[in-house]
Amino acid sequence: MKAIEWLYDQEFKYVFQNIGKDLWEDLRQEVAVIVLEYDAIKLQELEAKGKQVFKFWIVRICCNQTNSKYGKFGRLYGSLVPVEDIMKFVKEEQHIDNSQEVADGISKIVQGMYWYDQEILSMYVELGSVRKVSKQTGIPHTSIFITIKKIRSCIKQQLVY
């Protein structure tokens, strides 16, 4: 089959490298599958028209595969992010100070809070989740969540170490 031989020659390699970039080999394999699944009579007609017409058809397939939301190649590889770009999403780890001084500071801040906030916080620490506190108290979980969120921000604002 001339079409498959053409796909794997040097001229087509440049086409795949330009369009597929780092994934050019994968793109060539996807296109090869498309060519093999294509109607044999129409494929013979394309081969008969010459290598340049076939090349144009392959370039069109490549562009559709990489740019279209319906192309299999684009769906498979479109969500891949280059390693350099992944580093943008990595947060720097902050050092957590677990010293007794910080724990004492938090205890002091909590003792100065309103009794309701103290109770909700102690239940949250004891039970481990907003839903469990809500179930035990009958208070809606969104109210519990907002209270815990306000307590955290209050502690962060007042805590100086």
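**Figure 1. Overview of the predicted model.** Helices here are DSSP runs of H or I with at least four residues, and strands are E runs of at least two, each numbered from the N terminus. By that count, the protein has eleven helices and zero strands. The model is predicted. From the N terminus on, the order of elements reads α-α-α-α-α-α-α-α-α-α-α. Of the 161 residues in the protein, 29% are buried. Contacts between residues at least 6 apart in sequence include 58% that join residues at least 24 apart.

Figure 2. G50 follows α4. The phi of G50 is positive, near 115°.

**Figure 3. Close-up of the packing of α2 on α5.** Helix α2 spans residues 10-20. The angle between α2 and α5 is about 20°, and their axes are 10 Å apart. Angles under 35 degrees count as roughly parallel, so α2 is roughly parallel to α5. The crossing of these two helices, α2 and α5, is right-handed. From α2, the contact takes in E11, F12, V15, F16 and I19. From α5, K51, Q52, F54, K55, I58, V59, C62, C63 and T66 meet them. By residue class, the contact of α2 with α5 holds nine nonpolar, two polar and three charged residues.

**Figure 4. Close-up of the packing of α9 on α10.** Helix α9 covers residues 115-127, and helix α10 covers residues 130-137. They pack at an angle of about 120°, with axes 8 Å apart. The two helices, α9 and α10, are therefore oblique to each other. The crossing of α9 and α10 is right-handed. On the α9 side, I120, M123, Y124 and L127 make the contact. On the α10 side, the residues are V130, K132, V133, Q136 and T137. Six residues of this contact between α9 and α10 are nonpolar, two are polar and one is charged.

Conventions. Residues are numbered from 1 along each chain as its sequence is written. This is a predicted model: local features need pLDDT of at least 70, side-chain atom pairs count only at pLDDT 80 or more; totals for chains, interfaces and linings use all residues. Side-chain values use heavy atoms; hydrogens and water are left out. Axes are lines fitted to C-alpha atoms, for helices over the stretch in contact, and angles run from 0 to 180 degrees between N-to-C directions. Angles under 35 degrees count as roughly parallel, over 145 as roughly antiparallel, 65 to 115 as roughly perpendicular and the rest as oblique. A crossing is left-handed if the near helix is turned anticlockwise from the far one by less than a right angle, and right-handed if clockwise. Contact means heavy atoms within 4.5 Å. Ala, Val, Leu, Ile, Met, Phe, Trp, Tyr, Cys and Pro count as nonpolar, Asp, Glu, Lys and Arg as charged, and the others, Gly among them, as polar. Buried means under 20% relative accessible area, exposed over 50%, partly exposed in between (1.4 Å probe, protein chains only).
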